[in-house]
Amino acid sequence: MCRMAETIRVYLLDDHDVVRQGLRFLLEQQDDIEVVGESASALEATARIPALRPHVAVLDARLPDGSGIEVCRAVRAVDPTINALILTSYDDDEALFAAIMAGASGYVLKEIRSSDLVTAVRHVASGKSLIDPAMTATVLERIRSGPSTPDELSSLTDQERILLGHIAEGLTNRQIAEKMFLAEKTVKNYVSSILAKLGLERRTQAAVLASKLLGDQGPSGR
């Protein structure tokens, strides 16, 4: 592809300075890669990445104010030509599911070798995916074949139904945010939306309703 004939522009998001400096040093040793920006927070990255238009955004999955997956979703909603590579310390099926749903092109563990990470950046920059096609197919099947939604919950989005399931489990907003790779403020907004749509006033009412309607389906609808 013609993109590979030009310098690959990369943006780095990680809340640890040492990690960002290490990534920058590694990538800038390559003749065909340029780091055009970096940040430690999801909020800053969400604002800066679309403006800088990197070919690849290397995003830490877990951040104090949100997640790289949430940043991926927001950035690609503005500019779908920006490819995202999620870098995480956790080998988590739920996180991989969230990354695929957010439109990420790759999902790699921080244990990855330096040479393999450079290869991953080049691969993603060329428009290819690092995510196993079988896993993508599994995610699509999970969406298509999920159990039918109770009529009482039909007004909720898929994300809201998953979140409601976590409320039924008794998780706090912070715990839900970590589990769903969302900012805690985003979770609060979802909770308010759920209560309004269901005509409820308190979180405990939502938990009771969810337990009754969802039964043993679980928060992910599986």
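View 1. Is Thr88 buried or exposed, and what is its relative accessible area? Thr88 is buried, at a relative accessible area of 1% (buried means under 20%, exposed over 50% and partly exposed in between, computed with a 1.4 Å probe on protein chains only). This is a predicted model, in which local features need pLDDT of at least 70, side-chain atom pairs count only at pLDDT 80 or more, and totals for chains, interfaces and linings use all residues. Residues are numbered from 1 along each chain as its sequence is written, and side-chain values use heavy atoms, with hydrogens and water left out. Thr88 belongs to strand E4. Apart from neighbours within four places in sequence, Thr88 is in contact with Ala61, Tyr107, Val108, Leu109 and Lys110 (contact means heavy atoms within 4.5 Å).

**View 2. The whole chain and its confidence.** The chain holds ten helices and five strands (helices are DSSP runs of H or I with at least four residues, strands are runs of E with at least two, and both are numbered from the N terminus). Of its 222 residues, 44% are buried. Among contacts with a separation of 6 or more, 67% join residues 24 or more positions apart. The average pLDDT of the chain is 85, and 83% of the residues score at least 70 (pLDDT is the predictor's confidence in each residue, from 0 to 100). The pLDDT is below 50 over residues 218-222, a stretch with 14 contacts in the model beyond near neighbours in sequence.

**View 3. The largest nonpolar core.** This core has 26 residues (a nonpolar core is a set of buried Ala, Val, Leu, Ile, Met, Phe, Trp, Tyr and Cys residues joined through side-chain atoms within 4.5 Å). Ile49, Leu59, Ile69, Val71, Cys72 and Ile86 touch the most other members. At least two residues of the core come from each of E1, helix H2 (42-52), strand E3 (56-60), helix H3 (68-78), strand E4 (83-88) and helix H4 (93-102). H4 gives the largest share, six residues. Leu59, leaving aside neighbours within four places in sequence, is in contact with Leu13, Ile49, Gly68, Val71, Cys72, Ala84, Leu85, Ile86 and Leu87. A second, separate core has 20 residues, including Ile194, Ala206, Ala207 and Ala210. In soluble globular proteins, nonpolar side chains tend to be buried together.

**View 4. The packing of helices H7 and H9.** Helix H7 (residues 158-168) packs against helix H9 (residues 184-198) at an angle of about 95°, and their axes are 10 Å apart (axes are lines fitted to C-alpha atoms, for helices over the stretch in contact, and angles run from 0 to 180 degrees between N-to-C directions). H7 and H9 are therefore roughly perpendicular (angles of 65 to 115 degrees count as roughly perpendicular, under 35 as roughly parallel, over 145 as roughly antiparallel and the rest as oblique). H7 contributes Gln159, Glu160, Leu163, Leu164 and Ile167 to the contact, while H9 contributes Val187, Tyr190, Val191, Ser193, Ile194, Lys197 and Leu198. Eight of the eleven residues of H7 are buried, so this helix is largely enclosed by the rest of the structure. These buried residues are Glu160, Arg161, Ile162, Leu163, Leu164, Gly165, His166 and Ile167. After H7 comes Gly170, with a positive phi near 90°.

**View 5. Arg76 on helix H3.** Arg76 is in helix H3 and is partly exposed, with a relative accessible area of 23%. Not counting residues up to four places away in sequence, Arg76 touches Ile82, Asn83, Ala102 and Gly103. The C-alpha atoms of Arg76 and Gly103 are 7.3 Å from each other, although the two residues are 27 apart along the chain.

View 6. Most residues other than glycine have a negative phi, and most peptide bonds are trans. Arg53 has a positive phi, near 50°. Arg53 lies in the loop between H2 and E3 and counts as exposed at 52% relative accessibility. Phe181 also has a positive phi, about 60°. Phe181 is in the loop between helix H8 (173-180) and H9 and is buried, with a relative accessible area of 3%. Leu63, in the loop between E3 and H3, counts as buried at 10% relative accessibility. Leu63 and Phe181 are 118 residues apart along the chain, and their C-alpha atoms are separated by 9.0 Å. Beyond neighbours within four places in sequence, Leu63 is in contact with Leu13, Asp14, Asp15, Ala40, Ala42 and Gly68.
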